[in-house]
Amino acid sequence: MLKLNPYKIGFRTLKTAVGITLGVILAKWMGLDNYASSAVLIVLCIKHTKMHSVQAIVSRFVSCLLILLFGSLVFSLLGQNALVLGLIVLLFIPITVMLKVQEGVVTSCVILLHVFNASAINLHLIINEILLLSVGLGIAFIMNLIMPSFDKTLGNLKKEIETGFKEIFKSYSHACTNYHNDLTVSFEKLQLDIRKAKSIAFKDVKNHFVRNENSYYHYFDMRQEQLELLRRIQPLIHQITVDDPLISDISNLMAEIGNNVNSNDYTALRLHSLYEIRLTLDELPLPSSHQSLRSRASMMQILNELEEYLNIKSHFGSLKLHSEI
């Protein structure tokens, strides 16, 4: 059975509709021939980010200008017929690839057809097409300057991810003191949230002309590294099968880290607590059984993973937004 997607008008769709309306009205008001074609230019140049928009506009302007001059010359020499039209396209597309402006091939064909259908190839035609390009690409550029802010979305994702980390540490802390219970922690949703957040943060970079990085992106990248460490801790907790003097200390440390996931000021204190546990470890007697030895080894490895977790956060520092720098 055919399943329809929910009806939704997105921000890009709204910009496209408004841009087409303004472009056609302006081109008609200027008295341009083929004024409706400005809508095609606008549709093809409305992009998800400002940087992609600029790249698309530049590519289309260069390719359209080339095809206008090239087509006008060839049609004037060989005549305006279908064979010459095909020959121009055959020669022109490789040129756009060489100049890395192949994104503008479709819009170039629109301009080429204007020249093909023109009653006379003259200066008036060339000026008309250049003005048509200017209107279409100009309106598209103005529309793409209006982009939604991702700060609120990224801030909400940050809170969700930090809540997920807190829940994991809470489960780990509980499992250390109740090692006879099965520990089941799911990382899938948290992993998907981090990937989604990194994708949005990267898109936010492309919405600025003078910014080439995003603190949110580095923050979520750091969380992705830390999440991998938390994955490695889970099987180690499963290997704790006997009571050990270190268990309560490690449990308390995990609870402290979980309670301060979003804090930048307590990382050094948590590292200090971790080093104190290691000093305590040096004073403990050696395990007397195979199970005790395996449990102790697992706890030592957990401390190593927690140290790496805290070091990653320490190297990152605090989340500084572009507006705050």
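Predicted model: local features only at pLDDT ≥ 70, side-chain atom pairs only at ≥ 80, totals over all residues.

Reader: How many helices and strands does the protein have?

Author: Helices (H or I, at least four residues) and strands (E, at least two) are DSSP runs, numbered from the N terminus. The protein has 12 helices and zero strands. Of its 325 residues, 42% count as buried, where buried means under 20% relative accessible area, exposed over 50%, and partly exposed in between (1.4 Å probe, protein chains only). Contact means heavy atoms within 4.5 Å. Among contacts with a separation of 6 or more, 80% join residues 24 or more positions apart.

Reader: Which residues of α11 are buried, and why are they on the same side?

Author: An α-helix has 3.6 residues a turn, so residues three or four places apart point the same way. Helix α11 covers residues 267-283. Its buried residues are Thr267, Arg270, Leu271, Ser273, Leu274, Ile277 and Leu281. They lie on the same side of α11 because they cover an arc of only 160 degrees around the axis, taken from the directions from the helix axis to the C-beta atoms. Their cover includes α10 (246-259) and α12 (290-316). On the face turned away from the buried side are the exposed residues Ala268, Leu279, Asp282 and Glu283.

Reader: How do α5 and α6 pack? What is the angle?

Author: Two packed helices are described by the angle between their axes and the distance between the axes. Axes are lines fitted to C-alpha atoms, for helices over the stretch in contact, and angles run from 0 to 180 degrees between N-to-C directions. Helix α5 (residues 105-117) meets helix α6 (residues 123-144) at about 155 degrees, with the axes 11 Å apart. That makes α5 roughly antiparallel to α6, a term for angles over 145 degrees. Ile111, His114 and Val115 of α5 make the contact with Leu125, Glu129, Leu132 and Leu133 of α6.

Reader: Is Glu305 buried or exposed?

Author: Glu305, in helix α12, counts as buried because its relative accessibility is 6%. Leaving aside neighbours within four places in sequence, Glu305 is in contact with Leu229, Arg232, Ile233 and Leu236.

Terms used:
Residues numbered from 1 in each chain as written. Heavy atoms only, no water. Expected span 1.5 Å × (residues − 1). Parallel < 35°, antiparallel > 145°, perpendicular 65-115°, else oblique.
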